[in-house]
Number of protein chains: 2
Amino acid sequence: MEDEVILLNFWPSMFGMRTMIALEEKGVKYEYREEDVANNKSPLLLEMNPIYKKIPVLIHNGKPVCESIIQVQYIDEVWSNKNQLLPSDPYQRAQALFWADFIEKKVFVCGRKTWATKGEELEEAKKDFIEILKTLQSELGDKPYFGGDQFGFVDIVLIGFYSWFPAYQKFGNFSIEPECSKLMVWGKRCMERESVAKSLPESEKVIGYVLRLKKLYGI
Amino acid sequence: MEDEVILLNFWPSMFGMRTMIALEEKGVKYEYREEDVANNKSPLLLEMNPIYKKIPVLIHNGKPVCESIIQVQYIDEVWSNKNQLLPSDPYQRAQALFWADFIEKKVFVCGRKTWATKGEELEEAKKDFIEILKTLQSELGDKPYFGGDQFGFVDIVLIGFYSWFPAYQKFGNFSIEPECSKLMVWGKRCMERESVAKSLPESEKVIGYVLRLKKLYGI
């Protein structure tokens, strides 16, 4: 019997992008179902993620896996025959998990502030955001990808935010390039990969989405 | 050459307790070094965890692993010959990681509010805390441990908080037992395990520590 794989997602989600990239890397055929997360979550989403009621949800042969980083690990373990995403060495795995966790704790919350706050809070958020990216850039070093020569787990966890960078910069009125040029080169390099190019939305579309959010929240 | 394992920790940390339990479960001999996290972090701590400068840090043959949940996974992978902590099945692993992540996101932050806040915020925190524990209790169901018959990963991630329950209840002036009796039975069951009993502090000592914190912060 062939695997049935369904992804419940909402296109601007940098979390859902991770899962899409991992599925593409493994060559897994899946059904993409767009959710109306703001107004009308599907009964399937509510059933499959009763704890958070959030996308992305990966449904594999009827069984849900929630939380994008866990989905990527799961995909790596189930479809282990192609493009290994996490290193096999326990120490290298721990390091990859550390950086994924760092990204998870820092980038979304701070990135959001670049378009959702004003005044002092915004100024602080921009500084913090650049510091976070500089820390990541320093971890990247001169390697082409976070794990080394191979595109892998940490790249997947971070790259979705790259499609949001133009929105962060436009609405926060700041520029990432001057202090993080190496990280921007890394982003461009990742975008040359089919799995990434297929999974990330156009940055203009993200900008339009953020504009709608700002209007909705009256920011 | 024998493994050199050092744990930088601070005794009340429910995060450090996880790592201690995992090391005990595997029968790993290690050197415990208490850190003065409030006043005088050691140069080794600052060197080994430059990103967060926080305990617990596991140092294995000179190389640091940070973040307690990652440490437990690392320990499980390196000392894989004894007491497997995470399930081997990818789906069961994903479920265990999901619940560990749930505990990580919810229990500490909400638990802290039971002794560090007042008035409405405290009332809300107590309600939330019970809801979080009820969710966990429902996941536990009638199983002796979260993973089933074997003490494992999710138990290790949660049990440290059990030593803080009396402090939460005393300072928050509420009781966990009435709505979460099954979870309390699970806690007692875990405490019968040598690895847990050796790693958790006396609850009275935690109460004394929280009292000092409250004075320090003027709460």
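Student: Hi! Where in chain B does B:Ser68 lie?
Tutor: B:Ser68 lies in helix 3 of chain B, residues 68–78. Helices (H or I, at least four residues) and strands (E, at least two) are DSSP runs, numbered from the N terminus. This is a predicted model: local features need pLDDT of at least 70, side-chain atom pairs count only at pLDDT 80 or more, and totals for chains, interfaces and linings use all residues. Residues are numbered from 1 along each chain as its sequence is written, chains are lettered from A and ligands numbered from 1 in the order in which they are written, and side-chain values use heavy atoms, with hydrogens and water left out.

Student: Okay, is B:Ser68 buried or exposed, and why?
Tutor: B:Ser68 counts as buried because its relative accessibility is 5%. Buried means under 20% relative accessible area, exposed over 50%, and partly exposed in between (1.4 Å probe, protein chains only).

Student: And which residues is B:Ser68 in contact with, leaving aside neighbours within four places in sequence?
Tutor: With those neighbours left aside, B:Ser68 is in contact with B:Phe15, B:Arg18, B:Thr19 and B:Pro56. Contact means heavy atoms within 4.5 Å.

Student: B:Pro56 is on that list. What kind of peptide bond runs from B:Ile55 to B:Pro56?
Tutor: That bond, from B:Ile55 to B:Pro56, is cis, with omega near -10°. B:Pro56 has its place in the loop between helix 2 (43–48) and strand 3 (57–60) of chain B.

Student: What about chain A: what joins A:Ile55 and A:Pro56?
Tutor: A cis peptide bond joins A:Ile55 and A:Pro56, and omega there is about -5°. A:Pro56 sits in the loop between helix 2 (43–48) and strand 3 (57–60) of chain A.

Student: New topic! What is the phi of B:Glu67?
Tutor: B:Glu67 has a positive phi of about 75°, although it is not a glycine. You'll find B:Glu67 in the loop between strand 4 (63–66) and helix 3 of chain B.

Student: Why does B:Glu67 count as buried?
Tutor: B:Glu67 is buried because its relative accessible area is 18%.

Student: And what is phi for A:Asn83?
Tutor: Phi of A:Asn83 is near 45°, a positive value in a residue other than glycine. A:Asn83 is in the loop between helix 3 (68–78) and helix 4 (90–116) of chain A. At 34% relative accessibility, A:Asn83 counts as partly exposed.

Student: Last one: where in chain A does A:Glu121 lie?
Tutor: A:Glu121 lies in helix 5 of chain A, residues 119–140. A:Glu121 counts as partly exposed because its relative accessibility is 44%.
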